[in-house]
Amino acid sequence: MKALTGNRLTDGEVVFWKAGAWVERFAEAELFDDAQKAEAAEASAKSQQTVVVDPYLVDLIESDGLWAPLSYRERLRALGPTNHPHHGKQAEGGAAIEALRHASGAARSSGRVKLIKR
Amino acid sequence: MYQYDTLDKEFLADRAAEFREQVGRRLAGEITEDQFKPIRLMNGLYLQLHAYMLRIAIPYGSLNPTQMRALAAIGRKYDKGYGHFTTRTNLQFHWIKLADTPAILDELAAVDMHAIQTSGNCIRNTTADPYAGATAEEIDDPRVWSEAIRQWSSLHPEFSFLPRKFKIAITAAAKDRTAAKVHDIGLMLRRGRDGTMGFEVIVGGGLGRTPYVGPTIKEFLPVNRLFSYLEAILRVYNRHGRRDNKFKARIKILVAALGAEEFARQVEEEWAKIGPEGDLPDTEIARIRGAFAPVHFDTLVNRSEIFEAAKAADPQFARFARNNLREHKRAGYTIVVISLKAIGETPGDATSEQMEVVADLAERYGQNDIRVTHEQNLVLPHVKLDDTPAVYAALKAAGLATPNVNLISDIIACPGLDYCALANARAIPIAQDIARTFADQDRAELVGELKIKISGCINACGHHHVGHIGILGVDKKGEEFYQLTLGGSGAEDAAVGSMLGPALPAGRVADAVDTLVDVYLRERQEGERFLDTFRRTGVAPFKEAVYADAD
Amino acid sequence: MPTRIKLEDGQFNLVEDPFTYASDDEDLPRGDLIISLTRFQAEGERLLSEGRSVGVRLEPAEEVEVLAYDLPRLSVIAVSFPKFNDGRGYTAARLLRERYGFKGEVRAVGDVLREQAGFMVRVGFDAFEPADGSTPEQWAHAARRHRHVYQRAADHRPPAFAERG
């Protein structure tokens, strides 16, 4: 299972693809179990040059019945920095945030290599 | 502080206006991200994990209260009310919006500040001794030369698209507080045998994947020949530095590949062709020197009764005085180091309120002079000993009086995976764990000087290679692991640390450091710092102790 | 006839380009030519003796020193930027102007973008083939964004310290 993410151009906010638009909460992200659909969405996202920077697909893992990013880096992007629990998306709190926090599973995400270029 | 005149101010205003235009073109889709990225990097704007990060230049680590207040205000208005001081004495804001950056640059320009060339493949902030102008040890004020280099390197038309980033550090004292020997160019001011001033020029130091202590390329360069020689170095690098592989593109790779002797020969050859025409006129150096605001010192005696009485009355103040003050060249004065390493806090971070406290203190007690060190602390370089109790009280109330400068909890840590898109692991929680382990100030003083430096990835922004204990975050199958090194130094006795053993999981790092300290305390001889004991015993007793526990 | 942006007397204009590029393996057309360094070293003498105006296209790894003796007879040096961030072309242009006193045309070709106009003019480029569709007006604007410069370069603009007088 995958999701599509990037950073919003105007403010750098981490965003997730949902049906052609972008949402700020990972919990609302569109999930792709079909590789072709995922890649088509990624191609479409890449053409949105004035909306999002460097969109890429990330691998997901199941946690507490919800999906979460497989890699720790992607979970940090979906949550916020660990030294300031009131900064970033995690400040919202709630079940979805908690599920992200509890997710484990740590194999390298497919998103990592692309990130190095940024 | 160098006083900007009309020309300097107009330069900043024009650069800010240029960037405003460029941002507009990017937002309108007239330039692609690939074309825009080098432009925004040359204005210090990164795209990180959570938002854009803006790295504001603090040239040679020097600012005045007005500038510090502007940073505090920008942090409040455009960020989350705090900033992070870096190992290159710049300031980073981690929650910036691209769309706000033009306004931020305008506000910075209004107080003679900027973000020019704090990133990108160009000449970066030239750093200098944070005690410049206050220490008796220096043979000249390195800030004068840093400012001259800042101007010469700003929007240099030939050297703005180098193979890779380029960092210069200048020191003028025997004690090196800038890590000059691990810079692309380290300039060490020296007196020649005939009494004239010159630079020992070190080229090709660096950290990262391939750390090097740089070799001396020129033993003595007369100071008035600095700029023609710099031009020669940069030109040789621009032409011959590798451009095929980002990880082999720094000048240190070129120097190592050619060998120091051949590299020096190529520079001399180019230098001869440039000739004195490439130098800055002596009148300009004199003008820059004169444009630094004069510092007025009162004539005082060495001993301050107020200071002595305060120490006797308050053991906490005495501890602060023991650890956080440094000797000043003038009788009755001291250098105050402000620790941004409160136990359990993020190393190098300061809130807007804290910045304002420092600004107020500099204004009231400190000759309007504030410095940033490459160890992520602040300095008030000119404070009367008589005023230190009042300064201490204000710092303490603001959480800025942790008496741990140079001690084990005075840790350098990069932002790491909590913020940085390049990181493999977090650095901040490791620093916090270690600091908490050594929160007992008596124990910290017993241990003495121990420089721990933590990087979240091999790019080494935390300078881990030159830590007495260096800690490098690595990704082992998606988990955060940490590689420890021992015996590095960024001072005049520069050295790259040696590996201790296999990487440790995050939860074991603070314990391992505790074990290392126990070994040191057991083994140490009279007067030895941790670094000295390590250099005498080698890694064996340390490795044995840390990995004997592992099962 | 193709054009390039030319900087003359401080003005940026679109000017007809009398030069034709010829690659290493094609037959040489008639008239004024820009050829590679390799080809120039093989055939340059002959072409010049035919009375043509000849230019050389320099790739980043090719150093201007190699052309030192031929420069007085060359009309144009086309300095190539395979990627806009390959900065070797800036050194090439500056040396051509300042060290060798080259009076012919120094042209920026390849991945040439208007945002580099300021730097390029300063190191002595006076002709540009932009890759981004930019116009002479846009180049003029980009080249003039800074009232002051801090260092001497090929354009002889007085650096700030000279302006202060």
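This is a predicted model: local features need pLDDT of at least 70, side-chain atom pairs count only at pLDDT 80 or more; totals for chains, interfaces and linings use all residues.
# Reading a three-chain model

Trainee: Which residues are buried in helix 2 (residues 33-41) of chain B?

Mentor: They are Glu33(B), Phe36(B), Pro38(B), Ile39(B), Arg40(B) and Leu41(B). Buried means a relative accessible area under 20%, exposed means over 50%, and partly exposed lies in between (1.4 Å probe, protein chains only). Helices here are DSSP runs of H or I with at least four residues, strands are E runs of at least two, and both are numbered from the N terminus.

Residues are numbered from 1 along each chain as its sequence is written, chains are lettered from A and ligands numbered from 1 in the order in which they are written, and side-chain values use heavy atoms, with hydrogens and water left out.

Trainee: What do the buried residues of helix 2 of chain B pack against?

Mentor: Look for contacts, meaning heavy atoms within 4.5 Å. Inside chain B, the partners are helix 1 (6-27), strand 1 (45-47) and strand 2 (52-56).

Trainee: Which chains share the most contacts?

Mentor: Two pairs of chains are in contact, and chains B and C share the most. Chain A and chain C do not touch; their nearest C-alpha atoms sit 15 Å apart.

Trainee: How many helices and strands does chain B have?

Mentor: Chain B has 18 helices and 21 strands. Now take the contacts in chain B between residues at least 6 apart in sequence: 68% of them join residues at least 24 apart.

Trainee: In what order do the elements of chain C run?

Mentor: From the N terminus you read β-β-β-β-α-β-β-α-β-α-β-α-α, which comes to five helices and eight strands. Its C-alpha trace spans about 55 × 30 × 30 Å along the principal axes. With 165 residues, a compact globule would have a radius of gyration near 15 Å, and the 16 Å of chain C agrees. Buried residues make up 55% of chain C.

Trainee: And how many helices and strands are in chain A?

Mentor: Four helices and five strands, in the order β-β-β-α-β-β-α-α-α. Of its 118 residues, 50% count as buried.

Trainee: What does a positive phi tell me to look at?

Mentor: Most residues other than glycine have a negative phi, and most peptide bonds are trans. Here, Asp54(A) has a positive phi near 50°. Asp54(A) sits in strand 4 of chain A and is partly exposed, because its relative accessibility is 40%. Another is Ala179(B), with a phi of about 60°. Find Ala179(B) in the loop between strand 7 (168-171) and strand 8 (185-191) of chain B; at 0% relative accessibility, this alanine is buried.

Trainee: Where does Gly133(B) lie?

Mentor: In the loop between strand 6 (127-128) and helix 5 (142-153) of chain B. Gly133(B) is buried, with a relative accessible area of 12%. Leaving out residues up to four places away in sequence, Gly133(B) touches Glu138(B), Asp141(B), Arg143(B), Lys329(B) and His382(B). Lys329(B) is 196 residues away along the chain, yet the two C-alpha atoms are 8.6 Å apart.

Trainee: Which residues lie nearest the centre of the second largest pocket?

Mentor: A pocket is an open set of points on a 1 Å grid over the protein atoms alone, where a 1.4 Å probe fits, with protein on both sides within 12 Å along at least five of seven lines; lining residues have an atom within 4 Å of a point. In this pocket, Lys175(B), Arg177(B), Arg326(B), Asn406(B) and Lys451(B) lie nearest the centre, among 32 lining residues.

Note on methods: The radius of gyration is taken over C-alpha atoms; the globule rule is 2.2 Å times the number of residues to the power 0.38.
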